[in-house]
Amino acid sequence: MSAPTEALDSDACIVQFGTGRFLLAHVDALVSESLASGASSRRLLVVQSSPREEGKRKARLLAAQQRYPLRIRGRRDGVEIDREQHVDSIDSCLIAAEQWQALTRHVVEHAEIIVSNTADDGFEVGADSSLNPLPTSYPGKLTQLLRARFDAGRDG
């Protein structure tokens, strides 16, 4: 896995906006299971897109690791479950505020699927514009990335 740098050596076709626990424990885990079973070869590029320093710290940790443990606890068919599995589906991680051009290039050249766990508040645009050099809102970022893809003549 590559560390966050402007030059990105990744062909991950799934671009994931967010480093939150829900995505790490669901989307990333499902992609990891798909890789392990041979059902898919698709890997993830994780994008940290908020201004939160804690999110940036987590993104740097994700970029430095090859994998991370996921604890599964609960009940299935009346049977208690308590197990650990390792998730290794993340190919690389970018911080949007620091690596926007690399992210744009990656979306244009490699993206097939974009996922996020943006809540209702995340769709508020406010004074943001997709015309800003680096939009602050998720809709602004996504619009600018998809426009770049369109301008490059790519599908989707």
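Author: Please do. One polar side chain to start from is that of Gln48: one of its polar atoms lies 3.0 Å from the backbone oxygen of Ser50. Please bear in mind that this is a predicted model.

Reader: Where is Gln48 placed?
Author: Gln48 is in strand β2, which covers residues 44–48.

Reader: Is Gln48 buried or exposed?
Author: Gln48 is buried, with a relative accessible area of 3%. Leaving out residues up to four places away in sequence, Gln48 touches Thr19, Gly55, Lys56, Ala59, Leu94, Ile95 and Ala96.

Reader: And how many residues of β2 are buried?
Author: Five of the five residues of β2 are buried, so the strand is largely enclosed by the rest of the structure.

Reader: Which residues of β2 point which way?
Author: Leu44, Val46 and Gln48 point one way, while Leu45 and Val47 point the other way. Residues on both sides are buried.

Reader: Which strands are joined to β2?
Author: Strand β1, residues 14–17, is joined to β2 by four bridges, and the two run parallel. Five bridges join β2 to strand β5, residues 90–95, and that pair also runs parallel.

Reader: Let us turn to aromatics. How many aromatic pairs does a search of the whole structure find?
Author: The search finds one aromatic pair. Its members are Phe17 and Tyr138, with ring centres 5.3 Å apart and planes at 75°, so the pair is edge-to-face.

Reader: Which parts of the chain does that pair tie together?
Author: Phe17 lies in strand β1 and Tyr138 in helix α5, residues 138–151, so the pair ties together parts that are 121 residues apart in sequence. Both Phe17 and Tyr138 are buried.

Reader: A change of topic: how many disulfides does the structure hold?
Author: The structure holds zero disulfides. Cys13 is in none, and the nearest cysteine sulfur, that of Cys93, is 17 Å away.

Reader: What lies 2.7 Å from a polar atom of the side chain of His106?
Author: That is the backbone oxygen of Ala12. Leaving aside neighbours within four places in sequence, His106 is in contact with Leu8, Ser10, Asp11, Ala12, Val15, Leu45 and Ala111. Among these, Leu45 belongs to the residues of β2 discussed above.

Reader: What about Ala29, and which helix does it lie in?
Author: Ala29 lies in helix α2, residues 27–37. Ala29 is buried, with a relative accessible area of 4%. Beyond residues up to four places away in sequence, Ala29 touches Leu24, Leu70, Gln85 and Val87.

Reader: How many residues apart in sequence are Ala29 and Ile90?
Author: Ala29 and Ile90 are 61 residues apart in sequence, and their C-alpha atoms are 9.7 Å apart in space.

Reader: What is the phi of Asp77 near?
Author: The phi of Asp77 is near 50°, a positive value in a residue other than glycine. Most residues other than glycine have a negative phi.

Reader: Where is the place of Asp77, and is that residue buried or exposed?
Author: Asp77 is in the loop between β3, 68–76, and β4, 79–87. Asp77 is exposed, with a relative accessible area of 78%.

Reader: Lastly, what pLDDT does the chain average?
Author: The chain averages a pLDDT of 88, and 91% of the residues score at least 70.

Reader: And where does pLDDT stay under 50?
Author: It stays under 50 over residues 1–5, for which the model has 21 contacts beyond four places in sequence. Where pLDDT is low, the predicted coordinates should not be read in detail.

Note on methods
Residues numbered from 1 in each chain as written. Predicted model: local features only at pLDDT ≥ 70, side-chain atom pairs only at ≥ 80, totals over all residues. Heavy atoms only, no water. Buried < 20%, exposed > 50% of the residue type's maximum accessible area, 1.4 Å probe, protein only. Polar contact = N/O pair within 3.5 Å; in protein donor to acceptor, adjacent residues only side chain to side chain. Contact = heavy atoms within 4.5 Å. pLDDT = per-residue confidence, 0-100. Pairing = 2+ DSSP bridges. Phe/Tyr/Trp six-rings, centres within 6.5 Å; stacked < 30°, edge-to-face > 60°. Disulfide = S-S within 2.5 Å.
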